[in-house]
2 protein chains.
Amino acid sequence: MGHLNQIDILVSEVGPRDGLQSVAATMPTELKLKWIAALANAGLREIEVGSFVSPKLLPQMADAAQVVVYARTLPNLFVTALVPNLKGAEAAFKAGVQKITLPISVSEPHSLVNIRKTHVEVYQEVRAVVALRNEQYPHIEIEAGLSTVFGCTIQGEVPDDDTLRMATIMAELGVDEVGLADTVGYANPTQVRRLFTRLRQELPGVAGSAHFHNTRGQGLANVLAALDAGVTTLDASQGGIGGCPYAPGASGNIVTEDLVYLLESMGLRTGIDIDRLVAAREWLRQGLPGEPLYGFIPDAGVGKNFHYAKKAV
Amino acid sequence: MGHLNQIDILVSEVGPRDGLQSVAATMPTELKLKWIAALANAGLREIEVGSFVSPKLLPQMADAAQVVVYARTLPNLFVTALVPNLKGAEAAFKAGVQKITLPISVSEPHSLVNIRKTHVEVYQEVRAVVALRNEQYPHIEIEAGLSTVFGCTIQGEVPDDDTLRMATIMAELGVDEVGLADTVGYANPTQVRRLFTRLRQELPGVAGSAHFHNTRGQGLANVLAALDAGVTTLDASQGGIGGCPYAPGASGNIVTEDLVYLLESMGLRTGIDIDRLVAAREWLRQGLPGEPLYGFIPDAGVGKNFHYAKKAV
């Protein structure tokens, strides 16, 4: 994890994937590449640059392989992609990603609606992806991104034990990391602390990122709870674009700009320059004209008492 | 504090004061009363209903006495007001408030710009207000609301020691409670935990409310930090209206609707009904046509897994 040198928290930008896949318009590839370059230039060390899904399902992601190839030329950037199945994994591995994230619904009803697979079918797919990686691409990381962990629009409550069981199964199947995602903005800080604490206790080498949506305005409070539980990788999207196209009302990842301000203010180094980060919004504006962009820091600016976090002595 | 029965956290609604004083339009008194009644009907136990300042300075607050008289007729409501000086305190006491909050800038440059008083002059005023209360209105509570605690637009950084020194002086002058306010949205959770922890350790009987603005989107993360430090009273304003008219860019208290969702989701009882609370926005819409209202819960609704907090067994 050389991309984690000299930072305390890894902010993983998911806007080019979670953001762009959820807006109706397709961002032109050329502008997408400029946006990703600007994000990397602002100091983001990890970007989920696309999703290897059927272009019929998500035409916004049709250029995923091309975007990966370009992103790999950017210095100091770890290039990841979302992959729903073996076919997507093959394409992502070939394109040259450094990590893939497999979205896994803890709620089986959600899994059936979202990818039309039972849990058993999902396990088979994960096993096949891990086998391919082990045989041909042993250097590529695999993360399982557990979704609907904090509640599900279909199932309602999702028991903690279901999440921990799924995380254990994923680890047994050979994934390297298990992250927890609040797919529809249902999470509260009590839940977040409880679940990430258990995940880190029960699967210490495997516990991964926190992925929150700001649908109910609770995103940064949940981030604080995740930090308390020891989480060091946080997903966010520039301008808060993004959501789950299959879960109505699930719009908006937490805003990268506001997250970086929170972390740096708290003395946690992200390696990210806020001015350059805010400047990168320009490409999003050009690439998705009329699309609303969220975030407070771009308008309010940093406080007069703000300074970037320094290395603890 | 009988108004705190059967709740874990007191949400103190400051919209009718901090909110209304910061918008250009003046809300008609009749609609203001209907709004306050609707807020009380939603279960809010404490409302800061106005500010006893010169109507020339803040015409939006000219009806403060009338509003207090009406609010006192509402069941289960603790009626408070902001009071900047002895003259205001006399009027507030006469009108029948149950508590006053004296705004005290820890930053002396801010105090000079805001109320044209040095710290020594401020102490004299506080002494006079406490003396009047002690002689004629011994049952009325006095809170010092320390402002610019987390940073100041004029001074920049405000040392923690300055805040603790001011809190101690206020306690010595005879105020009952000292709250800490993030006047301009500069606070971060590390600071919040540190300051409220010290306040509660050094002045255990006196430590009071947390007052945050959401200027930089950090409001609910700061709330979580305050809860961790043991704070049990949180200021908020419906629709996130409000700010400091003397501090540019300081718009927006934290949103009551989103705060109540956070607290109840976490298992902390507020006594507030979210549906009735959201319904109360109607009066704000009628009373301040065109004024932007903030908050996620009114649009997104509560999650399918949401339930109100229950009494811990």
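In which sense do strands E4 and E5 of chain B pair, and over how many bridges? Strand E4 (residues 99-105) and E5(B) run parallel and are joined by 7 bridges. Strands here are DSSP runs of type E with at least two residues, helices are H or I runs of at least four, and both are numbered from the N terminus; two strands pair if DSSP finds at least two bridges between them. This is a predicted model, in which local features need pLDDT of at least 70 and side-chain atom pairs count only at pLDDT 80 or more, while totals for chains, interfaces and linings use all residues. Residues are numbered from 1 along each chain as its sequence is written, and chains are lettered from A and ligands numbered from 1 in the order in which they are written.

Staying with E5(B), the bridge partner of B:Thr101 in this strand is B:Glu143. On to strand E6 (residues 177-181) of chain B, E5(B) is joined by 4 bridges, and this pair is parallel too. B:Glu143 turns up here again, with B:Glu177 as its bridge partner in E6(B).

B:Thr148 sits in the loop between E5 and helix H7 (160-173) of chain B. Its phi is positive, about 55°, although B:Thr148 is not a glycine. B:Thr148 counts as buried, with 30 C-beta neighbours inside 10 Å. A positive phi, near 55°, also goes with B:Arg116, again a residue other than glycine. B:Arg116 belongs to the loop between helix H5 (108-115) and helix H6 (119-136) of chain B, and with 8 other C-beta atoms within 10 Å it is exposed.

In chain A, strand E2 (residues 46-51) has 6 of its 6 residues buried, so this strand is largely enclosed by the rest of the structure. Strand E1 (residues 10-13) of chain A pairs with E2(A) in the parallel sense over 2 bridges, with A:Ser12 opposite A:Glu46. Strand E3 (residues 78-82) of chain A is also parallel to E2(A), and 5 bridges join the two; here A:Ile47 stands opposite A:Val79.

Two helices of chain A meet as well: the axes of H2(A) (residues 29-41) and H3(A) (residues 64-71) come within 10 Å and cross at roughly 35°. Axes are lines fitted to C-alpha atoms, for helices over the stretch in contact, and angles run from 0 to 180 degrees between N-to-C directions. The contact involves A:Thr29, A:Lys32, A:Leu33 and A:Ile36 from H2(A), facing A:Gln66, A:Val67, A:Tyr70 and A:Ala71 from H3(A). Residues are in contact if their C-beta atoms, placed from the backbone, lie within 7 Å. By class, these residues split into 5 nonpolar, 2 polar and 1 charged, where Ala, Val, Leu, Ile, Met, Phe, Trp, Tyr, Cys and Pro are nonpolar, Asp, Glu, Lys and Arg charged, and the others, Gly among them, polar.

Turning to the two chains together, 33 residues of chain B are in contact with 33 residues of chain A. On the chain B side, the elements giving two or more residues are helices H8 (189-202), H9 (219-228), H10 (256-265) and H13 (297-300).

Chain B can be laid on chain A by a turn of 180° and a shift of 0.0 Å along the axis, with an RMSD of 0.0 Å. That is the relation of a two-fold axis. The superposition is by least squares on the C-alpha atoms of residues with pLDDT of at least 70 in both copies. The same surface serves both copies, since 100% of the contact residues of chain B recur in chain A. Within chain B, B:Ala221 comes closest to the rotation axis, its C-alpha being at 1.9 Å.

H10(B) is mostly covered, with 10 of its 10 residues buried, including B:Leu259, B:Val260 and B:Tyr261. These buried residues pack against helix H9 (219-228) of chain A, and also against E1, H9, E8, H11 and H13 of chain B. After H10(B) comes B:Gly267, with a positive phi near 90°.

Methods. A residue is buried if 20 or more other C-beta atoms lie within 10 Å of its own, exposed if 12 or fewer, and partly exposed in between; C-beta atoms are placed from the backbone.
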